[in-house]
Amino acid sequence: MNVASELPRFGRPGSRSTLLHDPASPAHSAPTSAAVRARERGRFAALRWAGAAGAFLIGFAGIGGGALPVVENPWQNFPFGAEMGRMMLASNALVLIGVGVLVAAWLAMAPFVGASPGAARGARVSNPEMLRTFIAWVVPLIATAPLFTQDIYSYLANGSIVRQGLDPYSSGPVELLGVEHHLARSVPFIWAHSPSPYGPVALGTAAVISHITGDSIFWGVLAHRAVSVAGILAAAWAVLALAKRCGVTGPAALWLGILNPLTVLHMVGGIHNEAIMMGLLLVGLEVGLRGIDRLESNRRSGWALLAASAALISCAGMVKVIGFLALGFTGMALARHLRTRPQRQRSGPRAIATSAALHATMLAATAIAVSLASGIGLGWVTGQGGAAQIRSWLSLTTDIGVAGGFLGMNLGLGDHTDAMLSVTRWAGLTVAAAFALRMLWATYRGTIHPVGGLGVSTFVLVVLFPVVHPWYPLWAVLPLAAWANRFTFRASVAGYSALVSFLVLPRGLRLQAGAVATIYGSAVVGFILLAACVALALRVWRRRRSTLITHE
């Protein structure tokens with residue numbers, strides 16, 4: 001018996017993943033008459049302002065229902081701030097109603113951007129219209145309280161620690177700033193006594209904000225949110241450029257990645273520093289691919305762009321280490337070019353070694369420069385594993401480990417949950433690393449585009465990651481939005497994003513079951529009543545309009 005014939009057949013690396021991209025899908029706007037375009041844009045504008053109305057409701061209710069600080073709450077001085085704060089359950093319900101309006105408007109935009117099934121799937125709106133929609137949706141959130149998480153208070157506290165010249169990797173904010181410090185008191189419990197889990201770019205940014213705002217909670221939140229919006233706009237530029245490179249419609253890519261409710265609610269509303277990471281990473285990826293394109297026509301310019309790309313992606317990794325993964329895909333894209341270019345071809349090993357040397361050198365140089373400029377040092381190299389203490393039910397490997405520990409206890413074997421978690425989590429990371437190596441090889445062989453290889457590898461890593469928060473799939477969705485254009489992929493992302501948008505309460509804290517039921521029950525009833533009122537108003541408007549047309 002031949003054992004090899006009985007083993008699973010994996011196929012050629014990247015051969016299945018590349019099916020997410022359909023090269024025959026239209027990459028340009030569908031041709032229509034001027035009258036049809038005007039009508040379509042009018043409908044799209046109505047959806048834009050409906051989403052903006054939802055965002056306004058989120059922002060308004062967020063001043064009382066958001067993740068408020070423990071002391072020195074600046075939002076209680078806003079108009080209706082004190083009243084909304086006293087009505088915590090009602091405020092949370094109003095936020096969720098606003099989320100419902102925003103999600104409904106986003107889903108309804110799918111046909112306009114060419115993301116719906118059918119033969120004529122071309123986009124019927126332009127890229128500038130999509131960007132204006134993003135701005136309209138985030139402006140109402142700029143000044144509201146943090147939403148869905150209290151992580152921003154950890155950012156503010158760590159920024160103050162770095163600004164004062166203390167070592168954020170030596171201890172937690174409570175020990176370094178003191179128990180009575182107004183920033184330390186609002187840090188989530190898991191981070192209050194733990195060294196900083198963030199890289200030097202994130203901490204350096206937080207330190208600059210701390211210096212500018214003087215540790216003000218309101219102005220600090222506002223500044224961090226502005227930085228997040230800037231990061232997302234940088235990502236939007238890169239997504240458009242990468243989508244054009246991959247033959248994907250720009251509006252569809254922006255819709256799936258940038259206008260995604262998880263991006264708006266968690267990267268802007270929740271102010272997670274993934275916004276900085278993804279901006280740096282995607283811009284670095286596009287700059288690197290431009291450098292490869294330019295190597296033959298202008299060698300010096302091409303190598304300069306590749307060096308800049310490696311520096312940008314290295315900075316992304318110094319926000320969160322997941323960003324370093326993109327270095328491998330720009331590296332393999334460069335190695336493939338060096339091996340296959342018409343002139344001055346290099347052997348495979350030499351091409352890979354040249355690319356690896358460039359990226360390793362730029363990584364080391366960037367890490368040293370950022371660490372020295374921020375005054376943080378190299379403690380971040382080993383100090384970013386604190387999140388593994390969290391048991392996240394969205395993490396497949398954590399669920400398997402917890403289930404294994406529970407089964408062991410029921411069998412009378414004792415509580416070995418921590419040991420099971422260690423095994424399952426390391427096994428998951430090993431599988432994810434092996435898959436990433438396959439995608440790197442597929443990129444080198446030209447089986448899959450570097451953007452697709454990065455996105456698919458990141459998706460598998462997120463699925464098998466020890467800790468998964470609802471917005472973590474955005475690490476993969478943003479690059480994949482510029483490459484994966486199959487309807488099944490877009491529908492899956494839309495379904496996940498729409499569902500998960502409601503799973504985290506605006507307060508960012510666990511509440512009693514009765515309070516949670518009241519919030520969700522009130523939100524459902526309120527949304528149904530709102531939808532009924534809108535439907536009735538539209539019906540009356542259409543009836544009056546038809547009557548006027550008849551009289552004319």
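A residue is called buried when its relative accessible area is under 20%, and because the value for Ser186 is 4%, Ser186 counts as buried. The structure in which this residue sits is a predicted model, and every value reported below was computed from that model. Ser186 belongs to the loop that runs between helix H8 (173-177) and helix H9 (189-192). When residues up to four places away in sequence are set aside, Ser186 is in contact with Pro69, Val70, Val71, Gln150 and Tyr153.

The chain as a whole contains 23 helices and zero strands. Of its 552 residues, 52% count as buried. Among the contacts that link residues at least 6 apart in sequence, 77% join residues that are at least 24 apart.

Two further residues illustrate how burial was assigned. Arg48 is found in helix H2, and Arg48 is classed as buried because its relative accessible area is 10%, which falls under the 20% limit. Leaving out residues up to four places away in sequence, Arg48 touches Met109, Glu129, Arg132, Thr133, Ala136 and Trp137. Arg48 and Leu102, which are 54 residues apart in sequence, have C-alpha atoms separated in space by 9.1 Å. Asp399, by contrast, is located in helix H18 (residues 396-410), and with a relative accessibility of 34% Asp399 counts as partly exposed, because this class covers values between 20% and 50%. The C-alpha atom of Asp399 is 8.6 Å from that of Leu421, a residue 22 places away along the chain.

Attention now turns to the nonpolar interior. In soluble globular proteins, nonpolar side chains tend to be buried together. The largest nonpolar core of the model comprises 143 residues, and those with the most contacts inside it are Trp75, Trp137, Trp255, Ile258 and Leu282. Helix H11 (residues 217-246) makes the greatest contribution to this core, supplying 13 residues. For Leu282, the contacts beyond four places in sequence are with Ala235, Ala238, Val239, Leu242, Leu478 and Pro479.

Rolling a probe the size of a water molecule over the atoms shows where empty space is left. Three cavities of 30 Å³ or more were counted in the model, and the largest cavity holds about 100 Å³ of space. Its lining consists of 13 residues, of which Tyr155, Ala202, His224, Asn273 and Ile276 lie nearest the centre of the cavity. The elements that provide two or more residues to this lining are helix H10 (200-213) and H11, and H10 gives the most, with four residues. Divided by class, the lining of the largest cavity has eight nonpolar residues, five polar residues and no charged ones.

The second largest cavity has a volume of about 50 Å³, and the residues that line it are Met277, Met278, Leu281, Ile322, Leu325, Leu454, Thr458, Trp475 and Pro479. Pro479 was also listed above among the contacts of Leu282. Helix H14 (274-294), helix H20 (450-463) and helix H21 (474-481) each supply at least two residues of the lining of this cavity, with the largest share, three residues, coming from H14. The classes in this lining are eight nonpolar, one polar and no charged residues.

The lining of the second largest pocket has 12 nonpolar, one polar and four charged residues. At least three residues of the lining of this pocket are drawn from each of domain 1 (34-272 + 504-510) and domain 2 (523-551).

Technical notes. Residues are numbered from 1 along each chain as its sequence is written. This is a predicted model: local features need pLDDT of at least 70, side-chain atom pairs count only at pLDDT 80 or more; totals for chains, interfaces and linings use all residues. Side-chain values use heavy atoms; hydrogens and water are left out. A nonpolar core is a set of buried Ala, Val, Leu, Ile, Met, Phe, Trp, Tyr and Cys residues joined through side-chain atoms within 4.5 Å. Buried means under 20% relative accessible area, exposed over 50%, partly exposed in between (1.4 Å probe, protein chains only). Contact means heavy atoms within 4.5 Å. On a 1 Å grid over the protein atoms alone, a cavity is a set of points where a 1.4 Å probe fits but cannot get out, and a pocket is an open set with protein on both sides within 12 Å along at least five of seven lines; lining residues have an atom within 4 Å of a point. Grid points are joined across faces, edges and corners, and a volume is the space filled by probe spheres set on the points. Ala, Val, Leu, Ile, Met, Phe, Trp, Tyr, Cys and Pro count as nonpolar, Asp, Glu, Lys and Arg as charged, and the others, Gly among them, as polar. Domain bounds come from an automatic or database domain assignment.
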